[in-house]
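Please look over the structure shown here.

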Amino acid sequence: MTRTAYVYVPRNSAHNLEIGLTRRVWGWEDDALSKADGKEMAGSLEPGDSVVFGHRGPNSRVQPGGWKDVRLDKVVFAKVARSLYRSDEWVWPDRPYLWRIDLEYVGEEEQVHGLALGEVGMESLRLSANKQGTPVVASAPDGYENVVAAAPEVDEEDAFRFDGPVDGKRLMAYRREQRRLKQLKFGEATEVTCDLCGRVLPRRFVRAAHIKRRADCAYPEQLKPENIMAACALGCDEVFEHGYIYVDDEGKIRPGPRCDVFPAVADFVKLTFADRACGAYGAKSKPFFEYHRGQALAD
């Protein structure tokens, strides 16, 4: 059974947080883990366990439960990819932070109210803040699944495109990421043009799709607008995602080798994309299309 560790990151460690997420690693100093049961908590984390980073909250020197109704500037969701280990490699600029766990980035949200994490989650972050950011392992927040269920959702078909196990925290982070990306790419438009087939469709039929597959992206790449295109749910997103089409170095949409295996898909690709250029192709998006093309042609 997976568990959740809560780690508080103060405002003066914002740069360290960005470095850690980019490098997919987090660390603690000996003196921090030596307090209370810090070493035991960190050492108990196993691959697959959840990590919730809370960043920039209010004064933590308050009574238990005092963070129940406060707001955090940022919350980052991650998974443990490697259990606690010691490394002398210098990663952060201020201190070595020798005791580390490797991470899988899941998503993030800004301006998070305590309701979203629940009383257990917020109290665990407050305790972590008072223990120099050591992890506090706790159960899933009370009512967390209800919060996720009540949150505004993207289209249901989008929810099932998330890479990896769909537990509550991952699904909430994914849904919120989709809303941010759609807002970034589509604005308030009620109709959106698919960058692949060129059809103008109601907004709910078009996804903010990653060009370089989300699971293959480093932390900053997942949120870069040049790695996002409009791909409709009427077939375009699926054939691109799974490599049945790719975009060549001139921006033209081409059938991938997988089309040779499935004639019905090949017919769809031929009818839909013949002589079409991709609307999202450009100088900034070119590296992401090159990565996707390499994956599609390697199959």
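Which strands do the buried residues of H1 pack against? Before the reply, a note on the source: this is a predicted model, in which local features need pLDDT of at least 70 and side-chain atom pairs count only at pLDDT 80 or more, while totals for chains, interfaces and linings use all residues. Residues are numbered from 1 along each chain as its sequence is written, and side-chain values use heavy atoms, with hydrogens and water left out.

The buried residues of H1 pack against E1, E2, strand E3 (50–55), E4 and strand E5 (99–113). Helices (H or I, at least four residues) and strands (E, at least two) are DSSP runs, numbered from the N terminus. Helix H1 covers residues 14–23, and its buried residues are Asn 16, Leu 17, Ile 19, Gly 20 and Leu 21. Buried means under 20% relative accessible area, exposed means over 50%, and partly exposed lies in between (1.4 Å probe, protein chains only). Just after H1, Arg 24 has a positive phi of about 60 degrees.

Strand E4, one of the partners of H1, runs over residues 71–86 and contains Lys 74. Lys 74 counts as buried because its relative accessibility is 12%. With residues up to four places away in sequence not counted, Lys 74 touches Leu 17, Glu 18, Phe 53, Gly 54, His 55, Glu 108, Glu 109, Glu 110, Gln 111 and Tyr 219. Contact here means heavy atoms within 4.5 Å.

Now the chain as a whole. The protein chain has 10 helices and 12 strands. Of its 299 residues, 51% count as buried. Among contacts between residues at least 6 apart in sequence, 71% join residues at least 24 apart. The protein chain exposes about 14100 Å², of which carbon and sulfur atoms supply 51%; accessible areas come from the Shrake-Rupley method with a 1.4 Å probe, and for residues only the protein chains shown count as cover.

Next, the nonpolar cores. A nonpolar core is a set of buried Ala, Val, Leu, Ile, Met, Phe, Trp, Tyr and Cys residues joined through side-chain atoms within 4.5 Å. The largest has 30 residues, and those that touch the most other members are Leu 196, Met 229, Phe 240, Ile 245, Phe 273, Cys 278 and Phe 289. At least two residues of this core come from each of helix H7 (168–186), strand E9 (206–210), strand E10 (228–232), helix H8 (236–241), strand E11 (245–247), helix H9 (263–273) and helix H10 (286–298). E10 gives the most, with 5 residues. Leaving aside neighbours within four places in sequence, Met 229 is in contact with Asp 195, Leu 196, Arg 207, Ala 208, Ala 209, Ile 211, Phe 240, Cys 278, Ala 280 and Phe 289. A second, separate core of 29 residues includes Leu 17, Ala 42, Ala 78 and Leu 103.

The largest pocket has a volume of about 350 Å³. On a 1 Å grid over the protein atoms alone, a pocket is an open set of points where a 1.4 Å probe fits, with protein on both sides within 12 Å along at least five of seven lines; lining residues have an atom within 4 Å of a point. Grid points are joined across faces, edges and corners, and a volume is the space filled by probe spheres set on the points. Of the 18 lining residues, Pro 10, Ser 13, Tyr 97, Gln 132 and Gly 133 are the closest to the centre. Strand E1 (4–9), strand E2 (25–28) and helix H2 (30–33) each supply at least two residues of the lining, and E2 has the largest share, 3 residues.

Two single residues remain. Thr 134 lies in the loop between helix H4 (114–129) and strand E6 (136–138), and counts as buried because its relative accessibility is 2%. Thr 134 and Val 7 are 127 residues apart in sequence, yet 6.2 Å apart in space, C-alpha to C-alpha. Glu 29 lies in the loop between E2 and H2, and is buried, with a relative accessible area of 12%. The C-alpha atoms of Glu 29 and Thr 134 are separated by 9.2 Å.
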